[in-house]
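Hello,

Here is the structure I said I would pass on. Please open it beside this email as you read.

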Amino acid sequence: HHRMDRDQRLLSLQIASSVSTVEEWKTVCELTDGIYPLLELLQQGAAPEATEEAQDYASRSAKVLRDLCALSPDVSAIITDSILRANHGGRGALFQSLCRLLRQDDDDLPQDVQHLSRRQRRPARMKQQETVQLYMSQLLLAMAVASDDAIHTIRQTEGLEAAIIGCSSLA
């Protein structure tokens, strides 16, 4: 059952990544659970016990959400509202996951690469983390442009504002 759920989330990720128009996104939402499987992948990738594969899916989910927000201001507003509702329904857990994704460093390595030496894991890990931070920052920026509530939620989520600044060129 767990594997089937994972496969469905990955299928949703694949479908969402192929969307290039507002009309396609509307069709996807009518036929699927929309962005919710992507949000689950984000949270799984941010979990302390996440594997490198789970973190990769989280990165890809952030990229797809960012790309969907770029389709139009209306789509961005709808996606932002959905993310805010999911965060509220989870009592802030989603934005805490976003914060963890932005802050991950060598102490938060996936279990499947912890056994490697620093030299073996560092270049690829650093590149993956920079990519996650870029996608997450761009997604949060799109959300901030789309909604004052998103700005409020970012500010109210402990550590998130500092994590955003910490991975930006302002740091």
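Below is what was found, going from the whole chain to two residues.

Please keep in mind that this is a predicted model.

The whole chain

The protein chain contains nine helices and zero strands. Followed along the sequence, its pattern is α-α-α-α-α-α-α-α-α. The chain has 171 residues, and 42% of them count as buried. Its accessible surface is about 9800 Å², with 51% of that belonging to carbon and sulfur atoms. Among contacts with a separation of 6 or more, 71% are between residues 24 or more positions apart.

The core

In soluble globular proteins, nonpolar side chains tend to be buried together. In this model, the largest nonpolar core has 40 residues. Trp25, Leu42, Ile79, Ile83 and Phe95 are the ones with the most contacts inside that core.

What does Trp25 touch, leaving aside its neighbours within four places in sequence? Trp25 is in contact with Ala16, Val19, Gly34, Ile35, Leu68, Leu71, Val75 and Ile79.

Ala150 lies in helix α8, which covers residues 148-156. Is Ala150 buried or exposed? Ala150 counts as buried because its relative accessibility is 0%, and the cut-off for buried is under 20%. Beyond its neighbours within four places in sequence, Ala150 is in contact with Thr80, Leu84, Met143 and Ala144. Asp81 is 69 residues from Ala150 in sequence, yet their C-alpha atoms are 8.3 Å apart in space.

Regards

Terms used
Residues numbered from 1 in each chain as written. Predicted model: local features only at pLDDT ≥ 70, side-chain atom pairs only at ≥ 80, totals over all residues. Heavy atoms only, no water. Core = buried A, V, L, I, M, F, W, Y, C linked by side-chain atoms within 4.5 Å. Buried < 20%, exposed > 50% of the residue type's maximum accessible area, 1.4 Å probe, protein only. Contact = heavy atoms within 4.5 Å. Helix = DSSP H or I, 4+ residues; strand = E, 2+ residues; numbered from the N terminus. Areas by Shrake-Rupley, 256 points an atom, 1.4 Å probe, with all protein chains shown as cover.
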